[in-house]
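Here is a short briefing for a reader meeting this structure for the first time. Start with the overall picture, then move to the details.

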Amino acid sequence: MRRRAWRTVNAGPAARVNIVADQGNDAAAVRLYRRDRLTPGALPQPACAQDAFTTDDGPGAADDMTEARRRKFWGWGYEDEQPGTAEAQKTADLIRSVLGFGAQHVRTPPTVAGLDLPEPRLAIPDSLAPIMTADPYQRACHAYGKSYRDVVRAFHGDFPHPPDLVAFPRDENDITAVLDWCQEAGAAVIPYGGGTSVVGGVEPTVADRFAGTVTLDLGRLDRVLDVDMDSGSARIQAGATLPHADAQLRPHGLTLRHYPQSYELATVGGSVVTRAGGHYATGRTHLDDFVQSLRAITPAGLWESRRVPASGAGPSPDRLLIGSEGILGVVTQAWLRVQERPRFRASVSLSHPTFADGARAARAIVRSGLQPANCRLLDADEARLNGAGDGRSALLIVGFESAHADQEALLTQALDCARAHGGTPLAAPRVSGPHPTDGAGSHVATGAEGSWKDSFQQAPYLRDVMVAADILVETFETAVTWDRFEEFDGRVHRAAEQAAARVCGTAAVHRRLTHVYPDGAAVYYTVLAPARRGSEVAQWDDIKAAVSDVIIDAGGTITHHHAVGRDHRPWYDRQRPPLFARALRAAKRELDPHGVLNPGVLID
C-alpha cells in the first residue's frame, strides 16, 4: 500500500550541473557564480576543500587527493575570485572616496606557505586516516568563521589555535567513529558546515583540559535524499550548501527559498543549528519554520524525531536541536518544508521622510495581515551607500511572490499602508507573471531595489577589500517589540555612533529592518570606521561590548539571526533564564557526557 508519494533523488555526479540560484526578493540569490569559473558539471561547495578533493571513493576523502577549486582560507569566497592588487586598489580607492577614510594602499593577502601554524597536538589514528588530515591549508581554512574579527586575524596570518586535525566524514558511521575516538583521546570536536559563522561559532578555541581539537566538516554529506511531492517536503543531508540543495530540488519545480546573505556558502545543517534567518522578511522568517524532523548523531547515540506536520506531544525534540549550535549532537539530515518556485511577483520601492516613518509603514503592512516576502527598510545613509537613494530619505522595499496567484492586489494594499505613513513610490509598481518554473524570463529587480540587491550580494566580497584597506566594517543585529522600537532604536544607534567615534575617531553607523513581525522588528546595524593596523580586533571588541550592553539593558535580544557562538556568550548569559541554562547543561551531560562537542558555546 502506498503510504506517501516521494521521489528518491539521483544526486550523484550527474546532478552537479551549472545552475545558478533563482533570484528571490532577498538578493543573495542573484547569479552568485560566474559560469566561466565553474568546473564543468560542478557547483561550488562550502568547505575549504572537502568537495574539491575527489577520489575513487567519492568527493572529499583525505587520501589520494586531487586539488580542484579552493576556498580562500582567510576571507570570503574562492581563491579564483580574489581580485588582483590593482583591481583591489581601484575598489579601495572608490570606497575611500565615498567614506572619507581608509588606507592609501591595500595590503596583500597572506599565503598558506607564509603561515606559522602550531604543530598538531594529535596524531591521526590509522582507522580514521582515510577521512582525516593535518594539512596546513585545511587547518587554516577551518580555524575561523567569517566575522570581521575572523577575517582580520586571518588576513594578518594570526592563527594561534587552528584545529589540530580536520575530518571529512563520508557518512554517519564516520561521524560516530570520529566522536568515539575524540572522547577516548580527550579531544574537542567542532562541527562545521559552511564556516560562515560571524559569532565565533566554529573557532576551535577551547579549554586547556582538551588534548586538542578536531573540526568535523560535513561537506561530503551533501545530497537531497528524498522529495515528498504530496507533502511539499524534502530530506536533505546537513552538509549540502543552500545552492547545491536548490540545484537538486530544481528538477522537481521546488526550492528551499532560504536566502541569507551567506547563501553561497552556508549549509542546510548549519542553518538549522544556528536558527538562520533568510529570504522571507515576514511570516516564516527563520529556517526553524521549515523543519519537519531532524536526525543527529550524538556521543550518546542516534537522535531522530518523528516526521509529522505538527504535534502537541510535549516539548519538541526538534526545538532542542534547532539553535543548539553543535553542542548536543551533529545534525546529519533534515526533513524540510520546501516551496514551489514562484511564478508571480509584484514589488515596489518607496521613499519615506524618516526611518521611523518607514518603520511605521512596515508595521502597518504586517499588522494588516499581509505577509510580503520582502519588506526591507533602509535608512537614508544605508540607501545612499548601496546606490539605492540620495541620502535624504529612507527606502522601503516591498515585494510579494506566489507560485499560484497574481500578486498585484496584495501589493496595492501594501502601497495604501505605506502611503498612509508618508511613503512615495520611486517608480511604478512592477507586477509580473506567470513565469515558467525554470525561472526563464523571471522578475528581475531594477532601480533602487536592484541597486540594493546587488550591494547585498557583493557585501561579503567588498568586506575583504575593506580589511585590506584598513577599514573597519562590521554588523550587529537585534529585535524588539513595537512598543519599545523607536526608543530602543534611538538608544542603540546613538550608542553605536558614540562608541565607534570614541574608539576610531570618526565613524558611520547605518541601519535597516531585515525582518518585520506583527509584534516587532529585527534591526540590523552596520558600522564603518577607520581601523588602526594591528588594533582592529580590539577596536571592534570595544564597540561591540558597548552596543551589546545597551541592547540587553534596553530589552532587545543579543541576536535575531546570527546565533550566539563564542562572541555573544557574555550577553546571552544575561538574556536567558538561569534555570534554562541549568536544564540545557543537564541535556548536554546526557547527550555529550564528556563535553567534547563545541565547548564554550551556549554553556560551559
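Of the 604 residues in the protein chain, 62% are buried. The model is a predicted one. The chain holds 15 helices and 22 strands.

**The chain as a whole**

- The accessible surface of the protein chain comes to about 22,900 Å². Carbon and sulfur atoms account for 50% of that surface.
- Take the contacts between residues at least 6 apart in sequence. Of these, 75% join residues at least 24 apart.

**Helices H8 and H12**

- Helix H8 covers residues 355-367, and helix H12 covers residues 485-504. Their axes come within 11 Å. The crossing angle is roughly 140°.
- An angle over 145 degrees would count as roughly antiparallel. H8 and H12 are therefore oblique to each other.
- The crossing of H8 with H12 is right-handed.
- On the H8 side, the contact is made by Phe 355, Ala 356, Ala 359 and Arg 360. On the H12 side, Phe 485, Glu 486 and Asp 489 meet them.
- By type, the residues of this contact are four nonpolar and three charged, with no polar ones.

**Helices H3 and H13**

- Helix H3 spans residues 148-155, and helix H13 spans residues 536-553. Their axes come within 9 Å and cross at roughly 170°.
- That angle is over 145 degrees, so H3 and H13 are roughly antiparallel to each other.
- H3 brings Tyr 148, Arg 149, Val 152 and Arg 153 to the contact. H13 brings Glu 536, Val 537, Trp 540 and Asp 541.
- The residues of the H3 contact with H13 divide into four nonpolar and four charged, and none is polar.

**Asp 464, a buried residue in a helix**

- Asp 464 sits in helix H11, which runs over residues 447-468.
- Is Asp 464 buried or exposed? Its relative accessibility is 2%, so Asp 464 counts as buried.
- Residues up to four places away in sequence are set aside here. Asp 464 then touches Lys 72, Trp 74, Gly 75, Trp 76 and Val 151.

**Tyr 524, a buried residue in a strand**

- Tyr 524 belongs to strand S22, residues 520-530.
- The relative accessible area of Tyr 524 is 7%, so Tyr 524 is buried.
- Which residues does Tyr 524 contact, leaving aside its neighbours within four places in sequence? They are Gln 261, Thr 475, Phe 476, Glu 477, His 510, Arg 511, Arg 512, Thr 514, His 561 and His 562.
- Leu 513 is 11 residues from Tyr 524 in sequence. The two are 6.1 Å apart in space, C-alpha to C-alpha.

**Val 601, after the helix H15**

- Val 601 lies in the segment after helix H15, residues 578-591.
- With 1% relative accessibility, Val 601 counts as buried.
- Val 601 is in contact with Gly 201, Glu 325, Ile 327, Gly 565, Arg 566 and Arg 569. This list leaves aside neighbours of Val 601 within four places in sequence.
- His 568 and Val 601 are 33 residues apart in sequence. Their C-alpha atoms are 9.0 Å apart in space.

**Backbone details in loops**

- Most residues other than glycine have a negative phi, and most peptide bonds are trans. The following places depart from that pattern.
- The peptide bond from Gly 433 to Pro 434 is cis. Its omega is near 0°.
- Pro 434 is placed in the loop between strand S19 (430-432) and H11.
- Arg 257 is not a glycine, yet its phi is positive, at about 55°. The loop holding Arg 257 lies between strand S10 (254-255) and helix H6 (268-273).
- How accessible is Arg 257? At 1% relative accessibility, Arg 257 counts as buried.
- Arg 275 also has a positive phi, near 55°. Arg 275 is found in the loop between H6 and strand S11 (291-298).
- Arg 275 has 40% relative accessibility, so Arg 275 counts as partly exposed.

Methods
Residues numbered from 1 in each chain as written. Predicted model: local features only at pLDDT ≥ 70, side-chain atom pairs only at ≥ 80, totals over all residues. Heavy atoms only, no water. Axes fitted to C-alpha atoms, helices over the stretch in contact; angles between N-to-C directions. Helix = DSSP H or I, 4+ residues; strand = E, 2+ residues; numbered from the N terminus. Parallel < 35°, antiparallel > 145°, perpendicular 65-115°, else oblique. Left-handed = near helix turned anticlockwise from the far one by under 90°. Contact = heavy atoms within 4.5 Å. Nonpolar A, V, L, I, M, F, W, Y, C, P; charged D, E, K, R; others polar. Buried < 20%, exposed > 50% of the residue type's maximum accessible area, 1.4 Å probe, protein only. Areas by Shrake-Rupley, 256 points an atom, 1.4 Å probe, with all protein chains shown as cover.
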